[in-house]
Amino acid sequence: MNDAPPAVTAAVAALFGALVGSFLNVCIYRLPNRTSIVWPASACPHCRREIEWFENIPIVSYLVLRGRCRTCGQPIGIRYPIIEAITAAMFGLMWWFYGPSILLVSRLIFGCALIVLFAIDLEHHLLPNVITLPFIVVGFVFSWFTEPGWVDSLIGVLVGGGSLLLMFYAYLAVRKKEGLGMGDPKMLAMIGAFLGWKMTIVALMFASFAGSLFGVAMMAMRRGSMESMLPFGCFLAVGAGVAATVGPSLVQWYLTLW
Ligand SMILES: [Zn+2]
C-alpha cells in the first residue's frame with residue numbers, strides 16, 4: 001500500500017467507505033426504532049423479504065435494481081445510495097488529506113456519527129442519546145492522542161453543551177416553549193470533544209447562520225413557519241463538517257477583516 005499512488009489508495013478508501021455507508025444506513029433505519037443494528041438481516045420494509053447479498057452492494061445494487069425491490073416492486077429509498085456515496089467520498093477525501101494517522105481515524109468516526117445524526121434528525125427530528133453521549137467520550141479519548149488535545153477537547157464539551165443549554169433555557173423563558181431539542185446540546189458537546197472549543201464556536205456560528213438564512217428563504221417562499229423548517233441538528237452536522245475542514249482558514253480570514 002505504501003508504494004501505491006495516492007489516487008489508488010484513496011479509491012480503495014472510498015470503496016471501504018461505501019461499505020461503511022451501507023452499515024450507517026442500517027443504523028439510520030434501526031436506531032430510531034430502538035432495534036438491534038446487527039440482527040436480524042436487512043429486509044425490504046414493504047414485503048419483508050430478506051435482502052440477498054447481491055442486492056446489498058453499495059450504490060451498485062440500487063442502480064442495477066433501478067431503485068425498486070425485486071419481489072414487490074416498491075421503491076427503495078434514494079437515501080440509501082446517497083448515504084453510501086457521501087460516506088465513500090468522505091473516506092476517499094479524508095484519506096487523501098490526512099493519510100494514515102490517528103487523526104484520520106478520529107475524523108472518520110466523527111464524520112460517520114455526523115452523517116447518522118443528520119439523517120435521523122432530518123427524518124425523525126431526533127438526536128439519539130445512544131450516538132451523542134458515547135461519542136462525547138470517544139472524541140475525548142481520541143483528544144489524548146491527536147488534535148485538538150484533551151484540554152481543548154474538554155473545554156469544547158463544556159462550551160458546546162453549555163452554550164446550547166443556555167439557549168434552550170433562554171428560549172423557554174422568553175417564548176414559554178422549547179425552541180431546541182435537548183439532543184442539540186449533547187450533539188454540540190460531541191462536536192466539542194472531537195474538534196475543540198474554537199472549532200465548536202465556528203460550527204455553532206455556521207449552523208445558526210445557515211439555519212436562519214434557510215428559515216428566511218423558506219418563509220419568503222411561504223413554505224411554512226419557522227417551526228416546520230429543517231431541524232437544527234442537520235445544520236450542526238454541516239457546520240461541524242465545515243469547521244473540521246475549512247474552519248481554521250475561515251477563522252484566519254475573519255481575523256484579517258479587523
Ligand atoms: Zn419488497
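Predicted model: local features only at pLDDT ≥ 70, side-chain atom pairs only at ≥ 80, totals over all residues.
1. Helix α1, residues 6-30, and helix α4, residues 102-124, have axes that come within 10 Å and cross at roughly 40 degrees. That angle makes α1 oblique to α4, and the crossing of the two helices is right-handed.

2. The contact in this crossing is made on the α1 side by Val 20, Leu 24, Cys 27 and Ile 28, and on the α4 side by Cys 112, Ile 115, Val 116, Ala 119 and Ile 120. Sorted by class, the residues of this contact between α1 and α4 are nine nonpolar ones, with no polar and no charged residues.

3. Helix α4 can also be checked for its length: its 23 residues should span 33 Å at 1.5 Å a residue, and the end C-alpha atoms are 33 Å apart, which agrees. The residue that follows α4 is His 125, which is found in the loop between α4 and α5.

4. Helix α6, residues 150-175, has 26 residues and reaches 37 Å from its first C-alpha to its last, which is close to the 38 Å expected at 1.5 Å a residue. After α6 comes Lys 176, and the phi of Lys 176 is positive as well, near 60 degrees.

5. The buried residues of α6 are Asp 152, Ser 153, Gly 156, Val 157, Gly 160, Gly 161, Leu 164 and Phe 168, and they pack against α5 (129-142), α7 (183-220) and α8 (232-256). As background to reading such a list, an α-helix has 3.6 residues a turn, so residues three or four places apart point the same way.

6. In the loop between α5 and α6 lies Pro 148, and the peptide bond that joins Glu 147 to Pro 148 is cis, with omega at about 0 degrees.

7. The loop between α1 and α2 deserves a separate look, and Arg 48 is found there. Although Arg 48 is not a glycine, it has a positive phi of about 70 degrees. Arg 48 is exposed, because its relative accessible area is 58% and the cut-off for exposed is over 50%.

8. Ser 36 also lies in the loop between α1 and α2, the latter being residues 60-64. With a relative accessible area of 33%, Ser 36 is partly exposed. Ser 36 and Thr 71 are 35 residues apart in sequence, and their C-alpha atoms are 25 Å apart in space.

How values were computed. Residues numbered from 1 in each chain as written. Heavy atoms only, no water. Axes fitted to C-alpha atoms, helices over the stretch in contact; angles between N-to-C directions. Helix = DSSP H or I, 4+ residues; strand = E, 2+ residues; numbered from the N terminus. Parallel < 35°, antiparallel > 145°, perpendicular 65-115°, else oblique. Left-handed = near helix turned anticlockwise from the far one by under 90°. Contact = heavy atoms within 4.5 Å. Nonpolar A, V, L, I, M, F, W, Y, C, P; charged D, E, K, R; others polar. Expected span 1.5 Å × (residues − 1). Buried < 20%, exposed > 50% of the residue type's maximum accessible area, 1.4 Å probe, protein only.
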